[in-house]
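Student: I have a new model open on my screen, and I would like to learn how to read it. Could you walk me through it?

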Amino acid sequence: MKNRILTLLVVCIGVGVTYAEVPKKEKKALLDLYHNTNGAQWTIPWNLSTPVSQWHGVKVMDGHVVAIDLFRNNLSGTIPKSIGKLPFLSTLNLAFNRISGQIPEKITDLRQLKILKLEMNTLEGTLPKGMAKMTALVELSLFNNVLSGSIPVGLGALKELKMLNLSSNQFSGHIPKELGTLVKLETLGLFENKLEGRIPNAIGNLSNLKELVLANNQLGGEIPVEFGMLASLKVLQIQNNKFDSFKNLQQMDAQQFLVFDYDTQKTGIDYKATDFNRTRMADTLFEDVDDE
């Protein structure tokens with residue numbers, strides 16, 4: 001009899017652990033996000049009377065919130081500071097909504113975050129100062145907002161980054177040479193900002209880079225000769241800048257490209273054995289097609 005009672009107790013405890021609600025502070029952070037972004041008007045709102053694990057776009061694992069994916073869900077309003085109280089969060093996708101205001105500094109407390117996608121909103125202000133602490137980030141996509149200020153040199157500390165897209169904002173100043181230390185980077189998008197000065201030679205260190213989009217800025221000087229080391233590059237767009245010289249483009253194999261856009265009328269370069277019919281002109285628009 002005692003053994004049966006003990007067995008039932010163990011089973012009940014096991015069920016309790018399996019279906020336990022997330023910690024109160026994590027649930028409160030989700031509720032803050034819901035209320036701050038006009039949750040009742042979302043395309044798919046949360047049913048707050050159901051367990052958190054059943055809320056649209058929320059993934060719970062081992063009793064903790066590990067992912068929030070509210071892509072194109074009609075969010076409006078601001079991101080609450082309490083978003084930083086989700087310590088197990090690895091994915092935060094709030095892209096293609098109508099979120100405004102600044103990115104809260106507390107977001108940098110998300111030390112396990114690997115994917116941060118806030119593109120296609122109306123976020124403004126500068127990037128959080130503590131972003132250098134988010135060292136688990138693999139993908140940082142903030143394109144098409146109204147973000148301004150300089151690109152933080154601290155982004156060079158995010159050694160796991162494979163994709164960095166800050167295009168179509170109002171960033172100014174120089175491209176930090178520290179970005180040249182992101183050796184795992186495959187995509188670097190800085191299109192359509194107010195960036196000036198020379199492209200850092202250190203960009204040539206990005207041997208895994210496949211897409212480099214710097215068009216529609218005010219960059220000057222000459223194209224770094226180190227571009228010739230970007231053997232993995234398939235997309236290069238540098239048109240509509242203020243470069244003094246394009247001669248170092250001759251160090252590159254133009255036949256490696258799928259997209260190769262530059263101010264051809266200014267170069268005077270005669271590429272040898274280059275079939276430009278293989279390349280295609282492309283508007284620089286990074287869309288979140290994977291989430292549609």
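Student: Which residue of β8 is the bridge partner of L116?

Tutor: L116 has L140 as its bridge partner in β8. As a general idea, strands of a sheet pair through backbone hydrogen bonds, either parallel or antiparallel.

Student: What is the strand order of the open sheet of 10 strands?

Tutor: The order is β1-β2-β4-β6-β8-β10-β12-β14-β16-β18, and the pairing is mixed. At the edges are β1 (58-61) and β18 (259-261), each of which pairs on one side only. Ignoring direction, neighbouring strands of this sheet are turned by 15° against each other on average.

Student: Which helix packs on the sheet, touching β1 and β2?

Tutor: That is α2, whose direction makes about 20° with that of β2.

Student: Now the other sheet, please. How many strands does the open sheet with parallel pairing have?

Tutor: That open sheet has 6 strands, in the order β7-β9-β11-β13-β15-β17. Its edge strands, each pairing on one side only, are β7 (124-125) and β17 (242-245).

Student: Can you take me through a few strands inside that order?

Tutor: Start with β9 (residues 146-150) and β11 (residues 170-173), which pair in the parallel sense over 3 bridges.

Student: What does the side chain of S167 reach at 2.9 Å?

Tutor: The side chain of S167 reaches the backbone nitrogen of F191 at that distance. A polar atom of the S167 side chain also lies 3.4 Å from the backbone nitrogen of L190.

Student: And is S150 buried, exposed or partly exposed?

Tutor: S150 has 49% relative accessibility, so S150 counts as partly exposed. This serine is found in strand β9. Leaving out residues up to four places away in sequence, S150 touches F171 and S172. The C-alpha atoms of S150 and P176 are 8.9 Å apart, although 26 residues separate them along the chain.

Student: Where should I look for the nonpolar core?

Tutor: Look for buried nonpolar residues joined through their side chains. The largest such core here has 70 residues, and I68, L94, L212 and L236 have the most contacts inside it. Both α2 (24-36) and β2 (64-69) supply at least two residues of this core. The largest share, 4 residues, comes from α2. There is also a second, separate core of 5 residues, which includes F191, V213, A215 and V259.

Student: What is I68 in contact with, leaving aside its neighbours within four places in sequence?

Tutor: I68 is in contact with L30, L33, G57, I83, L86, L89, T91, L92, N93 and L94.

Student: How does the chain look as a whole?

Tutor: Its secondary structure comes to 3 helices and 18 strands. Of the 292 residues, 47% count as buried. Among contacts with a separation of 6 or more, 49% are between residues 24 or more positions apart.

Student: Last one: how far can I trust the coordinates?

Tutor: Where pLDDT is low, the predicted coordinates should not be read in detail. The mean pLDDT of this chain is 87, and 83% of the residues reach 70 or more. Over residues 5-19, pLDDT stays under 50, and the model has 0 contacts beyond four places in sequence for them. Residues 270-287 also stay under 50, and the model has 41 such contacts for that stretch.

Key
Residues are numbered from 1 along each chain as its sequence is written. This is a predicted model: local features need pLDDT of at least 70, side-chain atom pairs count only at pLDDT 80 or more; totals for chains, interfaces and linings use all residues. Side-chain values use heavy atoms; hydrogens and water are left out. A nonpolar core is a set of buried Ala, Val, Leu, Ile, Met, Phe, Trp, Tyr and Cys residues joined through side-chain atoms within 4.5 Å. Buried means under 20% relative accessible area, exposed over 50%, partly exposed in between (1.4 Å probe, protein chains only). Contact means heavy atoms within 4.5 Å. Two strands pair if DSSP finds at least two bridges between them. A polar contact is a pair of N or O atoms within 3.5 Å; within protein, one must be able to donate a hydrogen and the other to accept it, and residues adjacent in sequence count only if both atoms are side-chain atoms. Axes are lines fitted to C-alpha atoms, for helices over the stretch in contact, and angles run from 0 to 180 degrees between N-to-C directions. pLDDT is the predictor's confidence in each residue, from 0 to 100.
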